[in-house]
Amino acid sequence: MMVYRVLTGVDDAAFCHRVTEALSLGWSLHGAPSLAYDSTRRAVICGQAIVKQVEGGRYDPALDLSRQ
């Protein structure tokens with residue numbers, strides 16, 4: 001089964017570490033990152049979709065994608 005997540009956050013080193021951690025756990029980038037400016041926070045917000053092939057099972061809405 002292919003699982004999908006979108007990571008979002010302020011475009012900083014912490015966000016890059018989250019993406020790098022996901023890649024090290026077998027996730028793959030899915031498309032280009034998105035960037036938007038949040039004028040309230042005065043920060044660039046980044047979003048990156050990631051996917052991963054997970055063996056076995058059927059889709060269940062209770063699946064904790066962050067633990068895959």
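Where in the fold does Gly31 lie? In this predicted model, Gly31 is found in the loop between β2, which spans 28–29, and β3.

**Overall architecture**

The protein is built from one helix and four strands, and these elements follow one another along the sequence in the pattern β-α-β-β-β. Taken along the principal axes, the box that the C-alpha atoms fill is roughly 45 × 25 × 20 Å. Of the 68 residues of the protein, 25% count as buried, while the accessible surface comes to about 4,900 Å², with 54% of that area belonging to carbon and sulfur atoms. When contacts between residues at least 6 apart in sequence are considered, 57% of them join residues at least 24 apart.

The side chain of Gln48 reaches the backbone oxygen of Gly31 at 3.1 Å, although Gly31 itself, at 57% relative accessibility, counts as exposed. Leaving aside residues up to four places away in sequence, Gln48 touches Arg5, Val6, Leu7, Phe15, Leu29, His30, Gly31, Ala32 and Pro33. Gly31 can also be set against Gly57, from which it is separated by 26 residues in sequence and by 26 Å in space, C-alpha to C-alpha.

**The cysteines and helix α1**

A disulfide would require the two sulfur atoms to be within 2.5 Å, and a search of the whole structure accordingly finds zero disulfides. For Cys16, likewise in no disulfide, the nearest cysteine sulfur is that of Cys46.

Thr20 is found in helix α1, which covers residues 13–24, and is partly exposed, with a relative accessible area of 49%. From Thr20 to Asp38 the separation is 18 residues in sequence and 23 Å in space, C-alpha to C-alpha.

**The salt bridge**

How many salt bridges does the structure hold? The structure holds one, in which the side chains of Asp64 and Arg67 meet at 3.3 Å, taken from N to O. Asp64 counts as partly exposed at 36% relative accessibility, while Arg67, at 69%, counts as exposed.

**Surface features**

Leu35, Tyr37 and Val44 together make a nonpolar surface patch of about 320 Å². Leu35, one of these residues, lies in strand β3, which covers residues 34–38, and is exposed, with a relative accessible area of 59%.

Arg42 lies in the loop between β3 and β4, where its phi angle is near 55 degrees, a positive value in a residue other than glycine. At 71% relative accessibility, Arg42 counts as exposed.

**Accessibility of selected residues**

The table gathers values for some of the residues discussed above.

| Residue | Relative accessibility | Class |
|---|---|---|
| Asp64 | 36% | partly exposed |
| Thr20 | 49% | partly exposed |
| Gly31 | 57% | exposed |
| Leu35 | 59% | exposed |
| Arg67 | 69% | exposed |
| Arg42 | 71% | exposed |

How values were computed:
Residues are numbered from 1 along each chain as its sequence is written. This is a predicted model: local features need pLDDT of at least 70, side-chain atom pairs count only at pLDDT 80 or more; totals for chains, interfaces and linings use all residues. Side-chain values use heavy atoms; hydrogens and water are left out. A salt bridge is a side-chain nitrogen of Lys or Arg within 4 Å of a carboxyl oxygen of Asp or Glu. Buried means under 20% relative accessible area, exposed over 50%, partly exposed in between (1.4 Å probe, protein chains only). Patches are made of residues with over 30% relative accessible area and no salt bridge: like charges are joined within 9 Å, nonpolar side chains (Val, Leu, Ile, Met, Phe, Trp, Tyr) within 5 Å. Accessible areas come from the Shrake-Rupley method with a 1.4 Å probe; for residues, only the protein chains shown count as cover. Helices (H or I, at least four residues) and strands (E, at least two) are DSSP runs, numbered from the N terminus. A polar contact is a pair of N or O atoms within 3.5 Å; within protein, one must be able to donate a hydrogen and the other to accept it, and residues adjacent in sequence count only if both atoms are side-chain atoms. Contact means heavy atoms within 4.5 Å.
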